[in-house]
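Visitor: I am new to protein models. Please show me how to read one, feature by feature.

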Amino acid sequence: MDERNIALCLVSRPDDQHYLSGFKAIVYSRPIDLVITPERVVLVVPALEEVHARDEAEVEELFVYYEHPERAGDGKSHVEYLDRVVGGLPTGTRLGVQADALPWGLAKHFMDAGFQLVDIGPKIEAMRFIKDDAELEMMTEAGRLASLGVGASLAALTPGLTEIDMDGAGDRAILAEVSAKHPEATLDLFAMSPSGPVRTVMPHVFSNTRPIQAGDVIIHSRQVALNGYRGESERTCFMGEPTPRQADMFHLMLEAQLAGLEALRPGVPMKDVDAASRSVFQKAGLGDYFIHRTGHGLGLSVHEPPFLRFDEDMLVEERMFFTVEPAIFVPGLGGFRHSDTAIVTAEGNRDTTPPPNDIRSMTF
């Protein structure tokens, strides 16, 4: 703020508010603002979040607005507080905002009042790239829990089991483990298990009640967020022996993933990690079937920068945390993708969701 002559910062993105204040709500149907000035940090919340925020938010001040008539005189809108804060600032003052998260109506409100808006989004984004010891410890445990859930889901795999029931088997194992080992922890679970040649070529699809059938390929994926911090594990598996062509695609996918993990080390351009994985498919003449990036950053968000993408020049740094998940999606045959999450170390990286990953272990 000093370097860019910014008098006040307004943080609107929920995950960034969590990162900077420790507070996270379940839903954000009502506006919540984090306001940072040189003197104090203030969280603006609706009344239904007041007790929660007082318990968890690491801020100097809490401002509450109300939706019930008994307290409406104390403030009915978050904008009332924001106007109070900026009201004493002279015209032309620079306010830091997240350009891609600030509602247009609020941005126009500030600009009409004569303020200059400066985008602080990239700065907060970059702050989150490098994890500290506490974050790495939490994410390592989240990775272990994700792998535990994948293992439990795969162990339950039988013909006739629905995709949703496959997810449920892993969910139950994770819930039991967290209840036993992490008192008062919060937990966020996500899983998907598309099955068959049609559904596995959809990289992001909800599990449904389709029964898994003999001959199916299944991509079972899950994320676990322990106290907000995430780990991800994903495995491609088969209900019965794979066909020779399925086995070929599986082995190409695994080769590509191992190449990406090998390339992931400090000082390497992120596009080179993508190229290491992508070249495996390209050499096989199948580059068009790898339709997404090799991996993404992980932390408090499901997907977050930086990205292991073909056009990303940024260098990999120690203490970054990435998924490595090159994939191939062949219409009529199926999709094939493993995902592991790795912490970048001085020597290379450490996989927090390690094997089994071979085709024998993934055939049921």
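Predicted model: local features only at pLDDT ≥ 70, side-chain atom pairs only at ≥ 80, totals over all residues.

Visitor: How many helices and strands does the protein have?

Guide: There are 10 helices and 16 strands. The C-alpha atoms fill a box of roughly 70 × 45 × 35 Å along the principal axes.

Visitor: What share of the residues counts as buried?

Guide: Of the 364 residues, 50% count as buried. Look at the contacts too. Take those with a separation of 6 or more: 63% of them come from residues 24 or more positions apart.

Visitor: How do I read a pair of aromatic rings?

Guide: Two values describe such a pair: the distance of the centres and the angle of the planes. This structure holds 4 aromatic pairs. One of them joins phenylalanine 238 and phenylalanine 250, with ring centres 5.7 Å apart and planes at 50 degrees.

Visitor: Why is the pair of phenylalanine 238 and phenylalanine 250 called tilted?

Guide: Planes under 30 degrees apart count as stacked and over 60 as edge-to-face. The planes here are at 50 degrees, so the pair is tilted.

Visitor: Where in the chain do phenylalanine 238 and phenylalanine 250 lie?

Guide: Phenylalanine 238 is in strand E9 (residues 229-238), and phenylalanine 250 is in helix H9 (residues 244-263). They are 12 residues apart, and the pair links distant parts of the chain.

Visitor: Is phenylalanine 238 buried or exposed?

Guide: Buried means under 20% relative accessible area. Phenylalanine 238 has 1%, so it is buried. Phenylalanine 250 has 0% and is buried as well. Ring pairs also link Phe238, Phe250 and Phe336 into a cluster.

Visitor: What kind of pair do phenylalanine 281 and phenylalanine 290 form?

Guide: Theirs is an edge-to-face pair, with 70 degrees between the planes and 5.4 Å centre to centre. Both phenylalanine 281 and phenylalanine 290 are buried.

Visitor: What sits over the ring of phenylalanine 290?

Guide: The charged end of arginine 278 does, 4.0 Å from the ring centre.

Visitor: Now helices. How do I read two that pack together?

Guide: Use the angle between their axes and the distance between the axes. The crossing of H3 and H4 is right-handed.

Visitor: Which residues meet between H3 and H4?

Guide: From H3 come His78, Val79, Leu82, Asp83 and Val86. They meet Leu106, His109 and Phe110 in H4.

Visitor: What does isoleucine 120 touch?

Guide: Leave out residues up to four places away in sequence. Isoleucine 120 then touches Ile6, Cys9, Leu10, Val11, Gly96, Val97 and Gln98. Isoleucine 120 and glutamine 98 are 22 residues apart in sequence, yet 5.6 Å apart in space, C-alpha to C-alpha.

Visitor: One more. Is asparagine 357 buried or exposed?

Guide: At 12% relative accessibility, asparagine 357 counts as buried. Look for asparagine 357 in the segment after strand E16 (349-351). Beyond residues up to four places away, it touches Arg235, Phe250, Leu254, Leu258, His338 and Met362.

Technical notes. Residues numbered from 1 in each chain as written. Heavy atoms only, no water. Phe/Tyr/Trp six-rings, centres within 6.5 Å; stacked < 30°, edge-to-face > 60°. Helix = DSSP H or I, 4+ residues; strand = E, 2+ residues; numbered from the N terminus. Buried < 20%, exposed > 50% of the residue type's maximum accessible area, 1.4 Å probe, protein only. Lys NZ or Arg CZ within 6 Å of the ring centre and 35° of its normal. Left-handed = near helix turned anticlockwise from the far one by under 90°. Contact = heavy atoms within 4.5 Å.
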